[in-house]
Amino acid sequence: MNEEKRRELEQKKQVIHGEGRSGKQHDSGKLTAWERIRLLIDEDTFVETDMFLEHRCTYFGMDRKKQEGDGVITGYGKINGRPVCVYAQDFTVFGGSISEMNARKIAAIQKKALEMMVPIVALFDSGGARVQEGIQSLSGHGHIFYQNVQSSGKIPQISAIMGTCAGGASYSPALTDFVVMVDNTSNMFITGPKVVKAAIGQEVTMDELGGTLVHSELSGMADHVAGGDGECVSFIRQLLEYLPSNCQMMPGRQKNFAYTQRKLEEISDIIPESARHAYDMHRIIECLIDDGSAVEIKPKYAMNIITLFARIGGCPVGIVANQSAQKAGCIDIDAADKAARFVRICDNFNIPLLNLVDVSGFYPGKEQEQRGIIRHGAKMLFAYSEAEVLKITVIIRKAYGGAYLAMCSKELGADMVYAWPGAEMAVMSAHAAVDVLYRNADREEKERYYKEYQDQFLNPYEAAHMGYVDEVIEPSRTRAHVLRVLSNYWEILPHRKKNSHKNIPL
């Protein structure tokens with residue numbers, strides 16, 4: 001190749017990758033699309049696809065406004081040595097807007113990910129549909145959504161909102177498995193402030209519509225909020241370490257791990273003597289898992305239930321736990337949705353489930369009933385019953401009523417059920433039961449009936465006698481028991497799964 005042609009090619013690549021257009025991005029606290037990809041993908045492994053693609057719109061003078069690449073970079077490479085597909089929207093080109101050809105480019109890399117059966121990471125930074133193209137842009141959105149659904153449950157799909165994700169484009173992240181947002185720079189909404197004002201006269205900011213606080217605490221859309229683009233990319237790389245490349249593989253088990261032995265003794269002192277007193281379930285989880293291995297999902301949403309990935313003896317696990325310190329660990333609508341979705345993701349990608357139970361029931365009240373707690377609670381029952389991964393349940397303290405079942409009892413397919421010596425399993429607490437059964441009894445009689453009910457039901461041995469609990473264990477032996485089950489099942493887990501399902505948004 002002669003020198004002139006080589007320089008021309010290099011100049012075109014530099015333009016496509018945004019050289020000379022980074023100023024506004026950096027001033028806004030954001031990296032460019034190319035910088036994000038270089039940070040995400042292992043060095044010297046990225047293969048770019050459809051590099052020189054352009055739009056073909058001629059309306060509104062667009063035939064005179066063309067940019068090779070058309071506002072999105074697509075390709076594949078490796079993350080931590082594993083193949084991954086990726087696309088990154090370039091806000092410096094037409095505001096990262098989605099055109100017919102731009103969407104075709106995205107759909108092509110989505111298809112490639114499914115053909116290769118590898119994860120796909122989408123880095124969003126777009127104002128939405130390219131208005132100049134009308135229905136052609138909308139059609140492009142449809143192709144992206146369709147590919148999202150075709151890949152659902154088969155390969156991990158991770159979306160990072162690293163700027164604006166507006167209009168119909170925001171449905172693509174909603175169709176993926178995980179959504180990561182960046183604090184102060186990202187937002188996600190269907191209708192922007194101007195449209196809202198024009199439609200209903202309401203004055204609202206972009207952050208009020210779809211900022212990180214909205215989606216991490218209120219809507220539940222965001223699984224994690226990062227402090228900046230670099231932290232966002234680091235979280236994605238960490239998250240992928242807990243996921244297999246596809247639904248036919250097991251997640252990687254680490255041979256080297258650290259565990260602080262003194263945590264075995266600490267676990268016994270966490271539960272308060274009084275069953276009415278709250279505690280932080282995170283402390284129990286920390287005593288069970290490998291040091292520094294927790295990656296919590298939706299930590300600020302529905303905080304009465306905890307969902308996180310961790311490792312025990314190097315084995316990846318998904319943990320679902322009632323949080324006593326929030327709403328007494330009761331399951332409400334949001335908690336049921338959060339848990340059900342997490343369980344289905346774990347089942348999609350062969351991640352064993354560890355369920356830590358301390359639940360006194362579903363959250364009561366008119367508002368919950370009117371909003372459909374029955375329907376939402378049923379999602380948990382369905383998700384656990386459908387899941388074919390290994391399911392280990394440990395009853396820490398209370399397991400009452402329908403919530404006992406919803407936290408993966410034997411009836412819902414738990415492979416092993418352990419209980420701590422102070423665990424209580426019953427339809428309801430002793431005081432509530434006596435009020436129902438002996439409402440007309442005097443105070444002295446109620447105290448006697450309360451003692452009888454407590455002796456009969458509020459201990460784990462009655463349930464163990466009937467086969468609902470496999471073993472009553474000391475708290476300090478919990479990690480050892482869980483690890484033994486994990487180790488025995490690890491080799492056979494890939495062969496016991498018979499059915500697959502897509503990860504429908506819950």
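Predicted model: local features only at pLDDT ≥ 70, side-chain atom pairs only at ≥ 80, totals over all residues.

Visitor: What makes K327 a charge over the ring of Y363?

Guide: The distance limit is 6 Å from the ring centre, and the charged end of K327 lies 5.2 Å from the centre of the Y363 ring. It is listed as sitting over that ring. R311 does likewise with Y242, at 4.2 Å from the ring centre.

Visitor: Y242 has a ring; what cluster does Y242 belong to?

Guide: Y242 forms one aromatic cluster with F178, F309 and F342. Across the whole structure, a search turns up six aromatic pairs. One of them is F178 with F309.

Visitor: Why is the F178 and F309 pair called edge-to-face?

Guide: Ring centres have to lie within 6.5 Å to pair, and planes over 60 degrees apart count as edge-to-face. Here the centres are 6.0 Å apart and the planes make 65°, so the pair is edge-to-face. The pair also links distant parts of the chain: F178 is in strand β6 (residues 178-182) and F309 in strand β10 (residues 305-312), 131 residues apart. Both F178 and F309 are buried.

Visitor: Why does E388 count as buried?

Guide: Buried means under 20% relative accessible area. E388 has 18% relative accessibility, so E388 counts as buried. Its place is in the loop between α15 (373-386) and β13 (391-400).

Visitor: Which residues does E388 touch, leaving aside its neighbours within four places in sequence?

Guide: E388 is in contact with D347, R496, K497, K498 and N499. As for S500, it is 112 residues away from E388 in sequence, with 9.2 Å between the C-alpha atoms.

Visitor: What span does α5 have, and what is expected?

Guide: Helix α5 (residues 135-151), with 17 residues, reaches 25 Å from first C-alpha to last, close to the expected 24 Å. Its buried residues are S137, G140, H141, I144, Q147, N148 and S151. Their arc is only 125° around the axis, which puts them on the same side of α5. The face turned away from that buried side carries the exposed residues I135, L138 and Y146.

Visitor: What covers the buried residues of α5?

Guide: The cover includes β3 (82-89), α4 (100-116), β5 (157-166) and α6 (171-174). Just after α5, G153 takes a positive phi of about 80°.

Visitor: How many helices and strands are there, and what share of the chain is buried?

Guide: The chain has 21 helices and 16 strands, and buried residues make up 53% of its 506 residues. The accessible surface is about 22600 Å², with 52% of that belonging to carbon and sulfur atoms.

Terms used: Residues numbered from 1 in each chain as written. Heavy atoms only, no water. Phe/Tyr/Trp six-rings, centres within 6.5 Å; stacked < 30°, edge-to-face > 60°. Helix = DSSP H or I, 4+ residues; strand = E, 2+ residues; numbered from the N terminus. Buried < 20%, exposed > 50% of the residue type's maximum accessible area, 1.4 Å probe, protein only. Lys NZ or Arg CZ within 6 Å of the ring centre and 35° of its normal. Areas by Shrake-Rupley, 256 points an atom, 1.4 Å probe, with all protein chains shown as cover. Expected span 1.5 Å × (residues − 1). Arc of directions from axis to C-beta. Contact = heavy atoms within 4.5 Å.
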